Amino acid sequence: MNATPNSIPAWVNRLTIVVMSLMLLYAVVGIPEFNRDVLVATDNVNPLNRVIWLGLLGAAAPIALVRWRAVLELLASSWALLLLYAFFALSVGWALDPDASMRRIMFTIVQLLLAAVLLCGLRRASTLHILIACVCAMAAAEDLVAWALWPGYAMTDEGLAGLQLQKNQTGLLMMYGCLSATTGYFLVRGKWLRLMVAGSVVLMAGLLVATRSSTSQSIVLMAPVVIPMILLVSRLPAPAIWAVVAAIPAAITALFFGYLAWCGVTNYDPWLPLRGVTFTSRLDLWEFAVQEIAKRPWLGAGYSSFWAINPAVQPSLKSDMWFGTYAQINEAHQGYLDLLATCGVVGLMGGLFVVFRTLGIAGRAIVRAEPVDAADHAGRMAFPTAVFHMSLLVGLLVHNFTESNLFSNNSVLAVAFVLAALDLEKWRLAMRRPVTVRYPNPAPIRGSVPNAMRI
């Protein structure tokens, strides 16, 4: 796994870049759906989807044949994620719609295998980061062109949707692009390349505003404040880090009970600030999801077997609430409730363990990551990429409070998480075996990022 750039054949690296670019482009853009009036609450999946994913996996077969040892080592290192997927697969046995659940877990496994193979075929760790930023910029350009040519289609009443099914998907894509391109700016060299990256950030930020996707916008605005704080904490001694981690929920709990105590003393209604607030009608969805979770608290309804399944067994279509007839709702708009509804307490605890374990690896990567030039020569993760992964993981946790893309195979952020988790596991394996790199010239390489200039 700890391969230097020259130890991977050049043709493997080139083929990997081509297949990974196609995979990212498809994961980001997908197959445009030009009829937004189609009801999507049933299991209505384009059959071309499975052909494309299997075709990408087949195209990566030569890479797997050459790098199979590294692939197996990477998958073994990702044991927590594999165990979670194994539980998802077992849940097919008690799923409300076993056929839909089986198809979706198979897609998830194909995505995992494809991501592992492609990551093991790259010579430089920064290639993944750069490709993500490029693909997101391409998707943003496509949405801009769609807005200019078909304004009535691209701009919906809720906000800019572009070529995506609805505006929240476009907002998520632009958020992903802003995070990747902003940190990727420090991976490229040359005035013109950096101007292009800066221009793509401006474009994606502008389209993000046009989507009016408040969650994605909040994450992008929050990142410049939260990420530096995480960087500061990550450099503290281990006991201090654990103290900070424990202090955050303790402080939140203290504020909550302090507020309740103040309400008791002043006879103030504690629910008054929330009265009339519906979070864009999400409260109805959350209330319904909680009622359904109570019916299957431990194991849930089966992986991805709650929304968008056979209408005869889909719980939401049996409800007398507004979304029981308005069939365009295919998620609870709350990732943690959706994971509870589909996989129960066991699945939620397992999913959170995987996410926070990955966050821990990202924190170690930030502390031990190398400057760009040194990382490229050794085939390791550079500091900007470690920051990108951390910002993505924090964004994932925040985004799932009002949207649902936690371990869902039909979401950009779910695919992004798998790539980030495996890339961090790859870095962890590489750091177990230090590499001695001989530089042809001891002088600093032009364009390198000194420690003092790290993000």
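The following is a working chat about one predicted protein model.

Trainee: Where do we start, and how many helices and strands does the protein have?

Mentor: Keeping in mind that this is a predicted model, we can begin with the secondary structure, which consists of 17 helices and 0 strands. The protein has 455 residues, and buried residues make up 50% of them.

Trainee: What about the surface, how much of it belongs to carbon and sulfur atoms?

Mentor: The accessible surface of the protein comes to about 21300 Å², and carbon and sulfur atoms account for 69% of that area.

Trainee: And the contacts, what share comes from residues 24 or more positions apart?

Mentor: If you take the contacts in the protein with a separation of 6 or more, 79% of them are between residues 24 or more positions apart.

Trainee: Okay, the inside next. Which residues touch the most other members of the largest nonpolar core?

Mentor: That core contains 121 residues, and the ones touching the most other members are Phe88, Phe407 and Phe417.

Trainee: Take Phe417, then. What is it in contact with, leaving aside neighbours within four places in sequence?

Mentor: With those neighbours set aside, Phe417 is in contact with Leu81, Val354, Val355, Thr358, Leu392, Leu393, Leu396 and Phe407, so one of its partners, Phe407, is also among the residues named for touching the most other members of the core.

Trainee: Changing topic: how many salt bridges are there in the whole structure?

Mentor: A search of the whole structure gives 6 salt bridges. As background, side chains of opposite charge can pair when their charged atoms come close.

Trainee: Which other residue does Glu425 form a salt bridge with?

Mentor: Glu425 also forms a salt bridge with Arg428, where the closest N and O atoms are 3.0 Å apart. Here both residues lie in helix H17, 3 residues apart, which is about one turn of the helix, and Arg428 is buried, as is Glu425.

Trainee: What about Arg380, which residue does it pair with?

Mentor: Arg380 forms a salt bridge with Glu370, and their closest N and O atoms are 3.3 Å apart. Arg380 is in the loop between helix H15 (372-378) and helix H16 (383-399), whereas Glu370 is in the loop between H14 and H15, 10 residues apart.

Trainee: Why does Glu370 count as buried?

Mentor: Glu370 counts as buried because its relative accessibility is 19%, and the cut-off for buried is under 20%. Arg380, at 9% relative accessibility, counts as buried too.

Trainee: Which residues are linked in a network of salt bridges?

Mentor: Glu292, Lys295 and Arg296 are linked in such a network.

Trainee: Back to the outside. Which residues form a nonpolar patch on the surface?

Mentor: Leu90, Trp94, Trp298, Leu299 and Val346 form that patch, and together they have about 520 Å² of accessible area. Trp298 sits in the loop between helix H13 (282-295) and H14, and it counts as exposed because its relative accessibility is 58%.

Trainee: What is the phi of Ser304 in that loop?

Mentor: Phi of Ser304 is near 50 degrees, a positive value in a residue other than glycine. Most residues other than glycine have a negative phi. Ala308 lies in the loop between H13 and H14 as well, and its phi is likewise near 50 degrees. Ser304 is buried, with a relative accessible area of 19%, and Ala308 is buried with 10%.

Trainee: Last topic, cysteines: how many disulfides are there?

Mentor: The count comes to 0 disulfides. Take Cys136, whose closest cysteine sulfur is that of Cys178 at 9.0 Å, which is too far for a bond because a disulfide needs the sulfur atoms within 2.5 Å. Cys136 counts as buried at 1% relative accessibility, and Cys343 counts as buried at 0%.

Key:
Residues numbered from 1 in each chain as written. Predicted model: local features only at pLDDT ≥ 70, side-chain atom pairs only at ≥ 80, totals over all residues. Heavy atoms only, no water. Salt bridge = Lys/Arg side-chain N within 4 Å of Asp/Glu carboxyl O. Helix = DSSP H or I, 4+ residues; strand = E, 2+ residues; numbered from the N terminus. Buried < 20%, exposed > 50% of the residue type's maximum accessible area, 1.4 Å probe, protein only. Patch = residues over 30% accessible without salt bridge, like charges linked within 9 Å, V, L, I, M, F, W, Y side chains within 5 Å. Areas by Shrake-Rupley, 256 points an atom, 1.4 Å probe, with all protein chains shown as cover. Contact = heavy atoms within 4.5 Å. Core = buried A, V, L, I, M, F, W, Y, C linked by side-chain atoms within 4.5 Å.
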